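Here are a few friendly notes to read alongside the structure. Please keep it open as you go through the points.

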Amino acid sequence: MTASRDVARCPDDNTLSQLVAGELSDGERAEVERHLGGCAACAQLIGAYARATPQRNVPPRYQLIRPLGSGAMGEVWEVEDTTLARRVALKFVRAESTADHEYQARLVREARALARLRHPNVVAVYDLGQSSDGELFVALELIDGASARDWRAAQPRSPAEILAVWRQVADGLAAVHQAGIVHRDLKPDNVFVASDGRVVLGDFGLASMAADGGSTTLTATGQILGTPLYMPLEQLRGGAATARSDQFALCVCLWEALIGARPFQHGGTIAALVIAMREPPPLAARHRSTLAVLARGLDPDPDRRWPDIAALTRALDRVRRARTRRRWWMAGIATAILLAGAALAIAR
Amino acid sequence: MPGGRQYDARVVTEAELAQAFAAAWSSAEVVDARSESGPVGSGSIDRAIGERLVALCAAVHRELPELDDAIDDLEVVATLAGRAPDREVIAYLDRCHPGELALALAASRAHPAAIARLERDHRGVIDAMCWRFASAVHSAADLRQILREKLFVAPPGMRPKLAEYAGQGQLDSWLRITAVRVFLDLGRRKDRARETPTADGVLTMPDPGDLSLEVIKAEYRAAVGQAMRDAATALEPADRHLLHQHYVAGLSIDQLGVALGIHRATAARRVVRAREALVGETRALLVTRLQLSDEELDEVIGMVLSRLDVSIPKLLEVRPRDRQP
């Protein structure tokens, strides 16, 4: 066919929008398609339109804006909730995993438990649904801010600021545990510091639960899912994730945020990491008393860690108060010396 | 108020609506097709259409209460009339999107509340398109601003782009298509500045030697290449377009469905049919052009099929031509 054989007028955007929406009659459609066969410009436009239109079949309530990220378990998208006119995050769970009914049931159970939980430091769950392709998705609060990792790297932060951020994470985590939920994948990338200063625990390992009761972090091929660098020994060995393993992860995160290095060194292999974890981590001179509190949370034996997150935060608060008291003491002594000096000067 | 509604501190009557509709309708381009048989006769229209127009305007005002004073019922009705078919007008009106049309028209007159409402209701598609086309040259925020200007700001002596929306197809779809058009033009302008255009702007057709048909005996190769090219030329334009999008532009079956507003299964079926048409025509041409036994022909066609995915893109290169106004 030569391009010039079919030189009907180019359809305007009204007609093309009817075409893509499937609103044309058969006759009108045939005419437009005939035109597309001879007009490179219109064919290019329609092709670009298709490429630019996200392909997931979410309920009409949600309009996909852009992918925010994707992991082993599925993608997270920024979407517009057109009913309430607000932005939310949709976390999709890959279709293969949702084929598993036990898995689906667990996902639904955890999403419900999280939805009931209302805590300023825990991401809000708005909705749970299924795309027409069978993918489950969870609609979550969209947080305008940076991950704790990026927040830490953006500029120098004082120890007090760092402790304040992770203190909020601990509060959120304690509430989550109280609701009977285990996070499973706590790391600085899953904690968000919102632009208003609020710290939100997000991206639950909802999707990292395995069918056999959430105990396995190893796939059939022995691959570890998630980031092993924040996982305790028992989780690395394929044991169940518990509140105590979340506590371990929290301690690794805060340790790293405070001194810029994780407590256990590894030469890039899981084997080396596992060996390092058997010994108590060396306490740096700076923040020694805080690190000592964290070291208990890093014990290879879950039973010897802090009983719960609340106990851990109480211990951290005691360290902070002691430091404050020490400061007051120092300030008091300095003032006394100054006053004494002044008194001497006056007396002369 | 029987058959009328408040607009701009006065009542627009059913008669006025009907008149506005009829006037725009009879001045539309296809007037000759409907002059005799259509329900319009010398400026008056069917009573049922008039009543439908009144109901439609009332619904529009209910949908956009905050824009009550910004909606021009007569303009809405006249715009819808401009594309009305010559029969089954009521069914046509039911297919249209008058609320979105009224919003677009009010926003195209720079009514602040209308622009705010449109940007709120449709920010999802607008943002999605801007993110999709964002590049090192234009950030998503840049593109949003460019699109905004295009949509809402009138060039001297003209109406803004948004005034072109005629209530056909959802406003969301129209915004997507229009955004793609604006952003593609943006890229093209840049390309033009950088590159010197080719002599005639026409892509040349490939040499038979380019068709990756080396597997076919040398004596037939030229004939097979020619037959395939002729077959591609003889394809139905719609089939040609389909094969072009799939094999040359690289659209997946899912994306083809999105582009043509059809189900993916339909898209897949149509691609298969178009391929078969191409191969069938090639075979038919070879029968008349080469004296081959059936077995030999089958062998040649088998080789053509095995090379098809490689060959189709070269066969289907479309000659670009300027978009008609």
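1. A definition to begin with: the expected span of a helix is 1.5 Å times one less than its number of residues. Helices (H or I, at least four residues) and strands (E, at least two) are DSSP runs, numbered from the N terminus. By that rule the 17 residues of H9(A) should span 24 Å, and its end C-alpha atoms are 25 Å apart, which agrees.

2. Some housekeeping before going further. This is a predicted model, in which local features need pLDDT of at least 70, side-chain atom pairs count only at pLDDT 80 or more, and totals for chains, interfaces and linings use all residues. Residues are numbered from 1 along each chain as its sequence is written, while chains are lettered from A and ligands numbered from 1 in the order in which they are written.

3. Now for chain A as a whole. Chain A has 12 helices and eight strands. A residue is called buried if 20 or more other C-beta atoms lie within 10 Å of its own, exposed if 12 or fewer, and partly exposed in between, with C-beta atoms placed from the backbone. Of the 348 residues in chain A, 38% are buried.

4. Back to H9(A), where 16 of the 17 residues are buried. Just after this helix, Gly260(A) has a positive phi of about 80 degrees. H1(A) is mostly covered as well, with seven of its eight residues buried; among them are Asp13(A), Leu16(A) and Val20(A).

5. Which residues have the most contacts inside the largest nonpolar core? They are Leu90(A) and Phe21(B), in a core of 157 residues. The largest share of this core, 11 residues, comes from helix H9 (residues 243-259) of chain A. A nonpolar core here is a set of buried Ala, Val, Leu, Ile, Met, Phe, Trp, Tyr and Cys residues joined through C-beta atoms within 7 Å.

6. Next, the place where the chains meet. Two residues are in contact if their C-beta atoms, placed from the backbone, lie within 7 Å. Chain A brings 44 residues to the contact and chain B brings 49 residues. On the side of chain A that touches chain B, H3(A) gives the most, with 11 residues. By class, that side has 23 nonpolar, 11 polar and 10 charged residues. Ala, Val, Leu, Ile, Met, Phe, Trp, Tyr, Cys and Pro count as nonpolar, Asp, Glu, Lys and Arg as charged, and the others, Gly among them, as polar.

7. In chain A, three strands form an open antiparallel sheet in the order S6-S7-S8. Strand S6 (145-147) and strand S8 (199-201) of chain A are at the edges with a single partner strand each, so one side of each has no neighbour in the sheet. Strands pair if DSSP finds at least two bridges between them; three bridges join S6(A) to strand S7 (residues 191-194) of chain A. Ser147(A) stands opposite Phe192(A) in S7(A).

8. Finally, is Val319(A) buried or partly exposed? With 18 C-beta neighbours inside 10 Å, Val319(A) counts as partly exposed. Val319(A) lies in helix H12 (residues 309-347) of chain A. Not counting residues up to four places away in sequence, Val319(A) touches Ser289(A), Thr290(A) and Val293(A).
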